[in-house]
Amino acid sequence: IAIVTGATSGLGLCCARDLAAHGAHVVMAVRNVAKAEHIAPALRGTHPAATVSTAQLDLSRLASVREFAARMADMHPRIDLLLNNAGLGMQPRRIVTADGFEQQWGVNFLGHFALTALLLPRLLAAAAPRVVSVASNAHKRAHIHWDDPNFTRRYSGTAAYGQSKLACLMFAFE
């Protein structure tokens, strides 16, 4: 069982395709379920044993993260792989999530942090569970703005993006 966030394009789609080709049951955890359902048949065709399902997940809404995690817990006694891939990059203006977080901080880091924590019991039920957090070289010139992680005083899309990716790496190492 492999859950891939942001599985409708880019790295997420490539990983979902490769996991399906190796016979994994892939859960495409996405905002746009219609787009995922259009893509899923091609992924199913990559390997005779592959199964692919789609599920709604909006990482910008913690309520959606909780709902998704509860559905996955009901459906799967174990999860072998969680690929925290979905993300936003260098937003030109400050936007906040439904929960009031700067959008890149909320989606790239906090949403995945909450998702991982909520799925942890199912991950620990697997024989060799893995959590992969996608980051970026932007972390190299970033730092965590502990006094203002939501960039309420002075917004920089590049700095907010770098901070979110640095936080993903810090979380992965811990």
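A pocket is an open set of points on a 1 Å grid over the protein atoms alone, where a 1.4 Å probe fits, with protein on both sides within 12 Å along at least five of seven lines; lining residues have an atom within 4 Å of a point. Its volume is the space filled by probe spheres set on the points, which are joined across faces, edges and corners.

I noted that this model is predicted, that local features need pLDDT of at least 70 and side-chain atom pairs 80 or more, and that totals for chains, interfaces and linings use all residues. Residues are numbered from 1 along each chain, and side-chain values use heavy atoms, without hydrogens and water.

I looked up the largest pocket and found a volume of about 340 Å³. Of its 18 lining residues, the closest to the centre are Gly 6, Arg 31, Ala 86, Gly 87 and Leu 88. The second largest pocket holds about 180 Å³. Its lining includes Phe 151 and Tyr 155.

I searched the whole structure and got 5 aromatic pairs (ring centres of Phe, Tyr or the six-membered ring of Trp within 6.5 Å; planes under 30 degrees apart are stacked, over 60 edge-to-face, the rest tilted). Phe 113 and Phe 171 make a tilted pair, 4.9 Å centre to centre with 55 degrees between the planes. Phe 151 and Tyr 155 have centres 6.2 Å apart and planes at 80 degrees, so I listed them as edge-to-face.

Buried means under 20% relative accessible area, exposed over 50%, and partly exposed in between (1.4 Å probe, protein chains only). Phe 151, at 3%, is buried, whereas Tyr 155, at 22%, is partly exposed.
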